[in-house]
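This report walks through selected packing and pairing features of one protein model. Please keep the sequence and the 3D view at hand while reading.

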Amino acid sequence: MRLTLNRKNKQTLDKGTIFLLLSLFIIQCSNNYVDDIDRSSLYQYEQGYPEVTFTSAGVIDEQTEKTQINVSAEIIHRSLIFKKIDSLYKANVLLEVQLFDKLNRVDFVNSYQFPFTISLNSKQYPNNGGKYIFTRFFDALPGDFIVNVLVTDLSTNKQTIRSSTAFIPDPNDNSSHITNIRVYSKESTNDSTYTPATSFDLSETSDSIKFTFQVTNNNSKTGLNLKSRLIKFNSDTTSARPLSWTNYTPSSLPYIGISYSKFDEIASSTRLIRQEGNVSIDFIFSNLQRGNYRFEVFTLDDQISEERLYRAREFSIKSRNYPNLKTPVELAAPLVYLMDKDEHKKLMSIRSPMAMKREIDKFWLNSIKNERIAQTVIQLYYERVEEANKQFSNFKEGWKTDLGMMYILFGPPRYINSSLNDMVWSYSTNLYDPETNFLFKKPKVKSKFYPFDNYILQRNQQYFSVQYQQIQTWLSGNILKDNL
């Protein structure tokens with residue numbers, strides 16, 4: 001089902017329909033409800049520092065009713081310094097969890113330190129997709145918390161800090177609550193083990209995704225009429241268009257990025273909870289396709305009320321090994337910036353992974369001729385694609401964004417000048433040279449209503465020769481010594 005609020009049709013709606021749409025509108029747009037939409041952590045990347053994603057959630061132990069905070073974190077192996085000791089590669093890490101009172105941010109509740117060593121054998125190291133998973137439960141009183149996770153690579157003393165929030169309901173008060181929604185995934189139908197999803201981005205390889213939350217029901221007479229649903233938003237998934245093409249129109253999806261007013265309802269269910277006390281609920285969805293989703297839970301009442309309970313978790317399904325590239329399809333797709341349209345379309349139409357890999361190798365070797373130089377150029381190109389994924393991802397893969405395309409083709413700029421909605425990337429010391437300065441604009445300011453940085457390049461026909469020359473620099477192998 002596709003739901004679109006259309007003001008032109010408003011006068012023709014009967015009262016019941018107006019009430020329903022108004023209820024949905026309040027659920028989606030009220031400040032209180034937007035505050036209860038969790039997106040976990042978007043990918044944050046700083047070269048040379050530990051790569052960390054994490055999530056936190058308040059929980060109540062079903063047996064003891066002990067209130068706790070669940071913290072789950074992932075640390076990417078490749079972002080750490082490993083030293084070979086005997087036959088193993090080892091990295092020494094310190095992970096610290098800090099809990100703060102959200103109402104009084106200087107009120108330090110507690111701190112926990114976990115020093116540990118990650119050991120890998122020669123087959124595991126190096127591995128693009130290798131990661132260390134940390135998950136713990138920490139006792140805490142009911143309330144709202146700020147949770148910090150600090151990860152230090154003890155070989156370099158470089159530290160990464162990530163922050164999140166967690167809410168623990170009081171199981172003994174007179175109000176009903178919904179806890180934070182936790183997300184887990186598993187990659188195989190033969191595997192019964194779910195692992196925590198610690199970021200906004202999930203892999204399309206997930207066989208199934210599980211959402212788990214708890215409801216404290218303190219009114220057993222009337223109960224809680226609870227609705228849960230999974231919706232998929234209309235969002236842009238295309239790669240960036242050439243620099244010299246026309247600019248996107250304001251009504252186009254690439255300009256808007258993601259439309260929160262247009263979505264498909266994938267699944268929904270309603271449940272009346274009469275059991276008093278703490279109730280745990282799980283929902284499992286299988287084989288979700290790429291795109292941007294929201295799983296939400298809310299109470300159904302006979303009247304619109306500020307006391308309506310609402311929780312939501314947004315997430316994005318991206319490529320199999322995201323943000324890394326491993327499969328032939330993942331390696332072929334970003335070549336759209338070096339190939340002409342028909343050539344790339346033909347490459348992407350190949351069904352056999354082995355045949356696609358041969359065509360990718362043929363493309364590079366036919367262009368550069370020298371195998372040694374070609375290998376170095378290929379490594380540089382895909383390093384930039386992966387870094388673009390880590391730095392510029394939003395509702396779509398980072399390499400598909402305008403910033404990602406510029407970063408891949410031209411590398412990091414010499415200078416960046418930013419204002420609220422504008423950003424200029426300069427590739428020379430001459431800030432007035434139109435061929436080495438690129439202006440990006442944001443259609444929307446990043447906020448809790450629109451949580452993404454979506455910078456769009458201001459295209460110009462004069463960029464045709466600039467992009468053409470840069471492509472030739474790549475295909476000749478001269479990118480190793482020359483750039484813009």
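Which residue of strand 13 does Tyr184 stand opposite? The model is a predicted one. Tyr184 faces Pro196 in strand 13.

Strand 12 covers residues 182-186. 5 of its 5 residues are buried, so the strand is largely enclosed by the rest of the structure. Arg182, Tyr184 and Lys186 point one way. Val183 and Ser185 point the other way. In general, side chains of a regular strand alternate between the two faces of the sheet.

Strand 12 pairs with strand 15 (residues 208-217) in the antiparallel sense, over 5 bridges. Lys186 has Ser208 of strand 15 as its bridge partner. Strand 12 also runs antiparallel to strand 13 (residues 195-196), joined to it by 2 bridges.

The whole structure holds 33 aromatic pairs. Two of them are set out here.

| Ring pair | Centre distance | Plane angle | Class |
|---|---|---|---|
| Phe211 and Phe315 | 5.4 Å | 45 degrees | tilted |
| Phe213 and Phe295 | 6.3 Å | 45 degrees | tilted |

4 strands make up an open sheet, in the order 21-22-23-24, with antiparallel pairing. Strand 21 (415-418) and strand 24 (456-457) stand at the edges. Each has a single partner strand, so one side of each is left without a neighbour in the sheet. Strand 22 (residues 422-426) and strand 23 (residues 437-441) are antiparallel and joined by 5 bridges. Asp422 stands opposite Lys441 of strand 23.

**Helix 6 and its neighbours**

How do helix 5 and helix 6 pack? Helix 5 (residues 341-348) meets helix 6 (residues 353-368) at an angle of about 150 degrees, with the axes 10 Å apart. The two helices are therefore roughly antiparallel to each other. Helix 5 contributes Glu343, Leu347 and Met348 to the contact. Helix 6 contributes Met356, Glu359, Ile360 and Phe363. By class, the contact has 5 nonpolar, no polar and 2 charged residues.

Helix 6 also packs against helix 9 (residues 463-476), at an angle of about 95 degrees and with the axes 7 Å apart. That makes helix 6 roughly perpendicular to helix 9. Phe363, Ser367 and Ile368 of helix 6 touch Trp474, Leu475 and Ser476 of helix 9 to form the contact. The residues of this contact divide into 4 nonpolar, 2 polar and no charged.

Is Ile368 buried or exposed? Ile368, in helix 6, is buried, with a relative accessible area of 7%. Leaving out residues up to four places away in sequence, Ile368 touches Ile373, Ala374, Val377, Trp474, Leu475, Ser476 and Gly477. Ile368 and Trp474 are 106 residues apart along the chain, and their C-alpha atoms are separated by 8.5 Å.

Notes: Residues numbered from 1 in each chain as written. Predicted model: local features only at pLDDT ≥ 70, side-chain atom pairs only at ≥ 80, totals over all residues. Heavy atoms only, no water. Axes fitted to C-alpha atoms, helices over the stretch in contact; angles between N-to-C directions. Parallel < 35°, antiparallel > 145°, perpendicular 65-115°, else oblique. Contact = heavy atoms within 4.5 Å. Nonpolar A, V, L, I, M, F, W, Y, C, P; charged D, E, K, R; others polar. Buried < 20%, exposed > 50% of the residue type's maximum accessible area, 1.4 Å probe, protein only. Pairing = 2+ DSSP bridges. Phe/Tyr/Trp six-rings, centres within 6.5 Å; stacked < 30°, edge-to-face > 60°.
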